[in-house]
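These are my notebook entries on a structure that I had not looked at before. I wrote down what I looked up, in the order in which I looked it up.

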Amino acid sequence: MGAWQPVLLANVNRPNSEKIGTYLSHGGYEALRKALRMPPEDIIAEVKASGLRGRGGAGFPTGVKWGFLPKDAPVKYLAINTDEGEPGTFKDRLIVERDPHSILEGVIIAAYAVGAHRAFVYIRGEFFLGVKRWIKAISDAYQHGFLGPNILNSGFDLDVSVHRGAGAYICGEETAMLESLEGKRGVPRKKPPYPAQKGMWGKPTIVQNVETLANIPHIIKRGAAWHAGIGTEKSKGIKIFCVSGHVNRPGNYELPLGTPLRDVIYGYAGGVRMGRGIKAIIPGGASTPLITADKIATPMAFETLQAAGTALGTGAVVVMDETTDMVEVLRRITRFFVHESCGNCLPCRVGGHDMLEILERLTAGKGGRTDIEELEYLAKGIYGQTFCPMGTGMVEPVLSALRLFRSEFEQRVMHK
């Protein structure tokens, strides 16, 4: 395991890392200068060739998404997703608070590439420091001529503003986020049409995650081949893994995609506290299926985790040691999703509530024999049947826990 030199997190521990002066003194906005001398279609081609996939959870190829925007549309928008509400995920927050200009440079390059002259930052309401950092970074970028009319005498104009959410997890879903940006209730839209065809106020819109955009300046500066040379065949580049739970050194670790899960936990996060064994791992945020310690050699990449029966998601690794009560874990995860449901569709709204009631009975020692079958029946009924992916995300941990730790649920019924 060779030491990886951080790229995305290279600035975060420098003094005054959030300030534009610090960013400029370490090569900041050089990629923008280079990009503005390139034809927009060359930038899109470069991002496509780099193999960059979205880092917000879905993993859709970024350059392909940019190519979906109709070239002849008179008005196009860029929306930056800083809503980061997935339990166990705290990577975007770190970049926004410690290195906001690296994202902003990516925003300007992306907007130039797709021909958008207006960008909207959507940030989770609870990120008070993040809001301040975004606003200050944008203000300083205007003063230095990186935003506004005729950026760096290129003839390209861009305006960016910050909009706070009201703390709703559902607004991390791209279309619910656009509804919220328009001043409406954050409820997902029917897809298709996708935002690239019909987004904010019916205009073509690209929605991009913070970590995804932070990659863009490095791809432009170092070239697509550099990025494509890192990671695996289907998962290119670097990823920030958020490691939490029963580890000695919880935190954000930037590593090449394809790094084995074992190295992430034992090599970087310092192993399991008190030398205990691992019982379960959430590999990609609370909406991904749980895995057990026998899968610890799995490379952390989109295709390998899928083959292992789970997903990379946001790259949020939650480690649970052998003392963990899996029924209580499920109750907490389900309670979160039930609380955050927008209530738009019945399977999520009613099914989630019924699942939580069963899990609360089981944890209280009042569960009956039929409760486990009922829980599984509800979870299978919700899977793939909801208006947006949140319902499926809610039941993925439940179905995987019932498959892997069923005996624990049965013990709860037998021994109350």
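Entry 1, strand pairing. I began with strands S1 (residues 77-82) and S2 (residues 118-123), and found that they pair in the parallel sense over six bridges. This is a predicted model, so I read the pairing as part of a prediction. For one contact I looked up Thr 82, whose bridge partner in S2 is Ile 123. I then turned to strand S4 (residues 205-209), which runs parallel to S1 and is joined to it by five bridges; here I noted that Ala 79 has Val 207 as its bridge partner in S4.

Side chains of opposite charge can pair when their charged atoms come close. I recorded a count of 23 salt bridges, and I looked at some of them one by one.

The pair that I took up to begin with was Glu 30 and Lys 221, whose closest N and O atoms are 3.6 Å apart. This pair links distant parts of the chain, since Glu 30 is in helix H2 (residues 30-36) and Lys 221 is in helix H9 (residues 210-222), 191 residues apart. Glu 30 counts as partly exposed because its relative accessibility is 43%, which lies between the cut-offs of 20% and 50%. Lys 221, at a relative accessible area of 39%, is partly exposed too.

Next I looked up Asp 371 and Arg 361, which form a salt bridge with the closest N and O atoms 2.8 Å apart. Asp 371 lies in helix H15 (residues 369-382) and Arg 361 in helix H14 (residues 346-363), so this pair ties together parts that are 10 residues apart in sequence. Is Asp 371 buried or exposed? I found Asp 371 buried, because its relative accessible area is 7%, under the 20% cut-off, whereas Arg 361 is partly exposed, with 32%.

I then noted the salt bridge between Arg 406 and Glu 376, where the closest N and O atoms are 2.9 Å apart. Because Arg 406 lies in helix H17 and Glu 376 in helix H15, the pair ties together parts that are 30 residues apart in sequence. Arg 406 has a relative accessible area of 24% and is partly exposed.

Which residues make the nonpolar surface patch of about 250 Å²? I found Phe 60, Val 64 and Phe 68 there. I placed Phe 60 in the loop between helix H3 (40-50) and helix H4 (62-67), and I noted that Phe 60 is partly exposed, with a relative accessible area of 38%.

Where pLDDT is low, the predicted coordinates should not be read in detail. I therefore looked up the scores, and the protein chain averages a pLDDT of 94, with 100% of the residues at 70 or above. Confidence is lowest in helix H17 (residues 406-415), at a mean of 91, and highest in helix H6 (residues 100-114), at 98.

How values were computed: Residues numbered from 1 in each chain as written. Predicted model: local features only at pLDDT ≥ 70, side-chain atom pairs only at ≥ 80, totals over all residues. Heavy atoms only, no water. Patch = residues over 30% accessible without salt bridge, like charges linked within 9 Å, V, L, I, M, F, W, Y side chains within 5 Å. Areas by Shrake-Rupley, 256 points an atom, 1.4 Å probe, with all protein chains shown as cover. Salt bridge = Lys/Arg side-chain N within 4 Å of Asp/Glu carboxyl O. Helix = DSSP H or I, 4+ residues; strand = E, 2+ residues; numbered from the N terminus. Buried < 20%, exposed > 50% of the residue type's maximum accessible area, 1.4 Å probe, protein only. pLDDT = per-residue confidence, 0-100. Pairing = 2+ DSSP bridges.
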